[in-house]
Amino acid sequence: MIFVLVLLVGIIIALIVYNIVVYRRIQNFKDVNQKITGLNVLQDFMNTIGEYSTVDEKIEKINEILIEKYDIKYSTIVMFDGTEYAIKASNVQEQHWEALRNLHNQEIFKDSISAATPKYVTVNNDTERLPYQTMEFGRAKSAMFFPLYIDNVYIGYWIIESGEPHAFDKIDTTILEVVKENIIAVYKTISYQNTVENIARKDLFSSLNSAEYLYGKGKKIIDKYATSTVCMLKITNLEEINKQYNRETGNDVITEVSNYISENISQEYVFVRYMGPKFAIVFSGVDIESVLEFVQDLKTNLEKLEIEEFLEDEKADIETRYVMPKLNFVLTTYYKGTALENVTKKLEEYLDNADKNESDINNI
């Protein structure tokens, strides 16, 4: 009898040990699986940076990845630019965006923002509403709020929601913290591009976008194609015109050259005033061989332009003089997914280091 009891106790202990081992293996498997999922999501994030042009497109795609990979019902990313809050990505109906854009004003989230800690809110039944909801009952019954910081600087927040009460009671918040850090890491990576997009301006004399436009909205057009031809041209005698005549005449030369090019290229091509006497044209989806003849004709016609010297009213009786621009062109190929700014920098360096008397079309 004693032997049987000892045997049963031994079996029970063995089963307990076995269950503990199995449980630990399952937990380890879950941890490994979660890490793999996290790595896959991070890789998707990184791919998004290369595949999409503008910052807004990238953030929207990142939000779609979060919703798909982690089976999130609603996900919204709100960014603060120092002056106002803006929804950068959300799969919530737009009629609710105003409430989501002003969560920083809600008392329940103020402490979360100041302490840089997540906040979980939920209801107990379908008749209740979440504290920040003003015009809705059925959409969300649970929410987790994550303030976002880069180097201790507050940049906005991420909120996920569910239509079920207590939906996030048992969720592993460490996974969501990793996801949050991934969002921050990606946003930090593209923050430079965001700055560039926001500082693009219209040039006064040419009415063209500045060079920064190339790397933001312009790149969205360019990256519709696998390869494009980038052309940079320089009015090599602009400095001479400014000195020999006057700066107003030089400004007129810039205006005439830019107007002529704008009237003779497709709207699908991106044309900007790059800097000073330099302009850039990106022939989207066109190879260099197909561009060469057009550029040659463009150069020939531009150098035939006769631009009247600018004279003050009191000098109106002076004999009219005309100036003609002299141009130097350089072309290269841009491949989608590579750094466009490096391509334009290479062309700029070539033109700046070329002989002042050079007036040619070069392919580098």
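This is a predicted model: local features need pLDDT of at least 70, side-chain atom pairs count only at pLDDT 80 or more; totals for chains, interfaces and linings use all residues.
Let us begin with strand E1, which covers residues 74-80. Six of its seven residues are buried, so E1 is largely enclosed by the rest of the structure. E1 has a partner in strand E2 (residues 85-90), and the two pair in the antiparallel sense over five bridges. Within this pairing, Phe80 stands opposite Tyr85 in E2. E1 and E2 form a hairpin with four residues between them, and Gly82 in the turn has a positive phi of about 105 degrees. E1 also runs antiparallel to strand E5 (residues 153-162), to which six bridges join it. If you look for Met79, you will find that its bridge partner in E5 is Gly156.

Now move along the chain to another sheet. Strands of a sheet pair through backbone hydrogen bonds, either parallel or antiparallel. Here, six strands make an open sheet with mixed pairing, in the order E6-E8-E9-E7-E12-E13. Strand E6 (209-210) and strand E13 (361-363) stand at the edges with a single partner strand each, so one side of each is left without a neighbour in the sheet. The partner strands E12 (residues 327-335) and E13 pair in the parallel sense over three bridges, and Phe329 has Ile361 in E13 as its bridge partner. Helix H9 (residues 288-302) lies across E7, E9, E12 and E13. Relative to E12, H9 runs at about 160 degrees.

What lies inside? In soluble globular proteins, nonpolar side chains tend to be buried together. The largest nonpolar core in this model has 29 residues, of which Ile235, Val253, Ile261, Ile281, Leu302 and Phe329 touch the most other members. The elements giving two or more residues to this core are E7, helix H7 (238-244), helix H8 (247-264), E9, H9 and E12. H8 gives the most, with five residues.

Next, the aromatic rings. The whole structure holds 13 aromatic pairs. In one of them, the rings of Tyr149 and Tyr154 have centres 5.5 Å apart and planes at 50 degrees, so the pair is tilted. Tyr149 is partly exposed at 22% relative accessibility, whereas Tyr154 is buried at 17%.

Finally, look at the charged side chains, which form 12 salt bridges in the structure. Lys243 forms one with Glu239, with the closest N and O atoms 3.3 Å apart. Both lie in helix H7, four residues apart, about one turn of the helix. Lys243 is exposed, with a relative accessible area of 67%, and Glu239 is partly exposed at 48%. Another salt bridge joins Glu303 and Lys299 at 3.1 Å; Glu303 is partly exposed at 22%, while Lys299 is buried at 7%. Arg321 is partly exposed at 37%, but Glu309 is buried at 8%. Salt bridges with shared partners also join Glu177, Lys180 and Glu181 into one network.

How values were computed:
Residues are numbered from 1 along each chain as its sequence is written. Side-chain values use heavy atoms; hydrogens and water are left out. Two strands pair if DSSP finds at least two bridges between them. Contact means heavy atoms within 4.5 Å. Axes are lines fitted to C-alpha atoms, for helices over the stretch in contact, and angles run from 0 to 180 degrees between N-to-C directions. Buried means under 20% relative accessible area, exposed over 50%, partly exposed in between (1.4 Å probe, protein chains only). A nonpolar core is a set of buried Ala, Val, Leu, Ile, Met, Phe, Trp, Tyr and Cys residues joined through side-chain atoms within 4.5 Å. Rings of Phe, Tyr and Trp (its six-membered ring) pair if their centres lie within 6.5 Å; planes under 30 degrees apart count as stacked, over 60 as edge-to-face and the rest as tilted. A salt bridge is a side-chain nitrogen of Lys or Arg within 4 Å of a carboxyl oxygen of Asp or Glu.
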